[in-house]
Amino acid sequence: MIREVIVVEGRDDTVAIKRAVDADTIETGGSALNEMTFKRIALAQDRRGVIIFTDPDFAGERIRKAVAQRVPGCKHAFITKKEALAKGDIGVENASPEAIRHALANVRTEMPSPAGQPLTWGDLIEAGLTAHTGSSERRMRLGEILGIGYCNAKQFLKRCTAFQITREEFEEALDKLD
């Protein structure tokens with residue numbers, strides 16, 4: 001049983017989650033989040049904690065960002081696009097139970113201030129994660145290694161900060177990447 005309530009986009013995502021683990025979910029109904037949904041998520045966060053587990057696409061990231069902004073302190077579970085892809089459709093509902101369990105076992109929690117020396121934009125450039133040919137692919141692979149998902153360079157730096165990715169973790173992940 002997962003203690004936290006898992007926020008997903010829709011009914012099919014709930015079915016996939018329940019195939020993988022014993023958990024309660026809140027469905028956002030897609031990107032049309034309303035005040036009542038935000039209130040339910042905030043109550044769940046106060047009582048049990050929340051794990052945001054949205055699709056690895058633009059809409060899913062928009063929902064993740066909106067919920068995290070309105071309900072601070074949420075945990076985040078990520079799956080890769082490859083794990084979420086079936087017949088041209090990307091979604092949590094397409095992920096295997098193993099992929100879902102792996103994502104839930106490796107949740108990240110947003111923290112307001114980074115521990116140690118924070119990563120900088122220069123670190124991303126030096127690591128070839130922005131302003132270089134193939135930087136998008138490198139960010140995608142590094143995001144998978146770090147368990148923070150894929151995003152653009154600006155968002156990648158924000159996630160590293162929010163999830164308190166240490167310089168040591170970052171460098172170890174880069175070593176695995178190279």
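Which backbone nitrogen lies 2.8 Å from a polar atom of the side chain of Q45? Please follow the answer with the surroundings of that residue and the elements beyond.

Reply: It is the backbone nitrogen of V50 that lies 2.8 Å from a polar atom of the side chain of Q45. A polar contact here is a pair of N or O atoms within 3.5 Å; within protein, one must be able to donate a hydrogen and the other to accept it, and residues adjacent in sequence count only if both atoms are side-chain atoms. The model is predicted, so local features need pLDDT of at least 70 and side-chain atom pairs count only at pLDDT 80 or more, while totals for chains, interfaces and linings use all residues. Residues are numbered from 1 along each chain as its sequence is written, and side-chain values use heavy atoms, with hydrogens and water left out.

Q45 belongs to helix α2, residues 35–47. Helices (H or I, at least four residues) and strands (E, at least two) are DSSP runs numbered from the N terminus. Q45 counts as buried because its relative accessibility is 17%; buried means under 20% relative accessible area, exposed over 50%, and partly exposed in between, with a 1.4 Å probe and protein chains only. Apart from neighbours within four places in sequence, Q45 is in contact with V50, V71, P72, G73 and C74, contact meaning heavy atoms within 4.5 Å.

K75 sits in strand β4, residues 75–76. With a relative accessible area of 26%, K75 is partly exposed. Its side chain and that of E4 are joined by a polar contact of 2.6 Å. K75 and T109 are 34 residues apart along the chain, but their C-alpha atoms are separated by 4.3 Å.

G147 lies in the loop between α7 and α8. The C-alpha atoms of G147 and I79 are 8.2 Å apart, across 68 residues of chain.

F78 is touched by R159 too, as are E61, R64, I148, G149, Y150 and C151, with residues up to four places away in sequence left out. R159 is in helix α8, residues 153–162, and is buried because its relative accessible area is 6%. A polar atom of the R159 side chain lies 2.6 Å from the backbone oxygen of I148.

The axes of α7 and α8 come within 11 Å and cross at roughly 20°; axes are lines fitted to C-alpha atoms, for helices over the stretch in contact, and angles run from 0 to 180 degrees between N-to-C directions. That angle makes α7 roughly parallel to α8, where under 35 degrees counts as roughly parallel, over 145 as roughly antiparallel, 65 to 115 as roughly perpendicular and the rest as oblique. R139, L142, G143 and L146 of α7 and A153, F156 and C160 of α8 make the contact. Its residues divide into five nonpolar, one polar and one charged; Ala, Val, Leu, Ile, Met, Phe, Trp, Tyr, Cys and Pro count as nonpolar, Asp, Glu, Lys and Arg as charged, and the others, Gly among them, as polar.

Helix α7 (residues 135–146) also packs with helix α9 (residues 167–177), at an angle of about 120° and with the axes 9 Å apart. The two are therefore oblique to each other. On the α7 side the residues are R138, R141, L142, I145 and L146, and they meet E169, F170, A173, L174, K176 and L177 in α9. By class, this contact has seven nonpolar, no polar and four charged residues.

Between α8 and α9 there is a loop that holds Q164. Q164 has a positive phi of about 50° although it is not a glycine. At 24% relative accessibility, Q164 counts as partly exposed.
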